[in-house]
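Here is a short briefing to read alongside the structure. Have the sequence open as you go, and take the topics one at a time.

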Amino acid sequence: MSRLSCPAGTVLFRPGQECPGFVRLTSGSIKVTLTAANGREVVLYRVSPGDVCLQTFACLTDGRSYAAEGVAETALEGEIIPHPAFRQSMSEDGAFRSEVLTAVARRFADYEQLVEDVALTGFDARLARVLLRLAGEGGSLRITHDALAAETASGRAFVTRRLREFARMGLVETGRGQLRILDRRGLEQIAED
């Protein structure tokens with residue numbers, strides 16, 4: 001095992017790269033994104049302590065290279081379990097195997113939610129959910145319209161139009177690269193639709 005320690009903004013993997021091993025975080029968050037040939041980006045998921053990166057899991061179990069990009073959203077601490085040690089632990093250590101497979105099952109549930117959100121949920125509800133999740137209890141966040149487009153699997157222009165409407169409704173206040181939630185309950189009602 002080797003120690004993992006890196007600052008926010010570090011690119012951990014890119015499409016086409018080989019996987020160095022299984023990452024076990026003790027602190028921090030990794031944002032995993034997929035970028036289309038036209039440059040449009042979508043956030044697939046985030047990896048926090050106790051989570052599994054499906055990209056890494058697929059690389060280690062199926063011998064693939066990465067298909068997405070992983071970036072340290074915050075400073076990271078953890079460990080990297082090399083491929084041979086990961087395979088050995090999966091076959092011989094029942095507790096480790098159970099921990100990994102349970103985390104994989106949770107991650108698949110996240111994917112199901114992403115597909116449901118994109119395919120079956122209206123955009124306003126999807127945008128409201130993202131704003132509430134990213135702003136947390138503080139109600140403010142620093143984020144660009146491009147980043148919100150990636151979070152909602154949509155286009156920047158569409159995000160801009162809907163945020164203008166949310167602002168007109170008194171739900172949010174926008175500024176350059178920042179947003180403040182003014183009516184949390186109103187956004188929660190939209191998110192529930």
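Let's begin with Thr56, which sits in helix H1, spanning residues 54–62. Please keep in mind that this is a predicted model.

- Thr56 has a relative accessible area of 3%, and because the cut-off for buried is under 20%, Thr56 counts as buried.
- Leaving aside residues up to four places away in sequence, Thr56 touches Phe13, Cys19, Gly21, Phe22, Val23 and Tyr66.

**The aromatic rings**

- Across the whole structure, a search finds 5 aromatic pairs.
- In one of them, the ring centres of Phe22 and Phe86 lie 5.0 Å apart with the planes at 25°, so this pair is stacked; the cut-off for stacked is under 30 degrees.
- This pair links distant parts of the chain, as Phe22 belongs to strand S3 (residues 21–27) and Phe86 to helix H2 (residues 83–92), 64 residues apart.
- Both Phe22 and Phe86 are buried.
- Phe22 also pairs with Phe96, this time edge-to-face, with 5.9 Å from centre to centre and 75° between the planes.
- Here too distant parts of the chain are linked: Phe22 in strand S3 and Phe96 in helix H3 (residues 94–120) are 74 residues apart.
- Phe96 is buried, as is Phe22.
- Taken together, Phe22, Phe86 and Phe96 make up one aromatic cluster.

- Which residues of strand S10 lie on its covered face, and which on the uncovered one? In this strand (residues 178–181), Leu179 and Ile181 form the covered face, while Gln178 and Arg180 form the uncovered face.
- Strand S8 (residues 140–142) pairs with S10 in the antiparallel sense, over 3 bridges.
- Within the S8 and S10 pairing, Leu141 stands opposite Leu179 of S10, and Leu179 is on the covered face.
- Strand S9 (residues 172–175) is also an antiparallel partner of S10, over 4 bridges.
- Glu173 stands opposite Arg180 in S10, and Arg180 is on the uncovered face.
- S9 and S10 form a hairpin with 2 residues between them.
- In the turn of that hairpin, Gly177 has a positive phi of about 70°.

How values were computed
Residues are numbered from 1 along each chain as its sequence is written. This is a predicted model: local features need pLDDT of at least 70, side-chain atom pairs count only at pLDDT 80 or more; totals for chains, interfaces and linings use all residues. Side-chain values use heavy atoms; hydrogens and water are left out. Buried means under 20% relative accessible area, exposed over 50%, partly exposed in between (1.4 Å probe, protein chains only). Contact means heavy atoms within 4.5 Å. Rings of Phe, Tyr and Trp (its six-membered ring) pair if their centres lie within 6.5 Å; planes under 30 degrees apart count as stacked, over 60 as edge-to-face and the rest as tilted. Two strands pair if DSSP finds at least two bridges between them.
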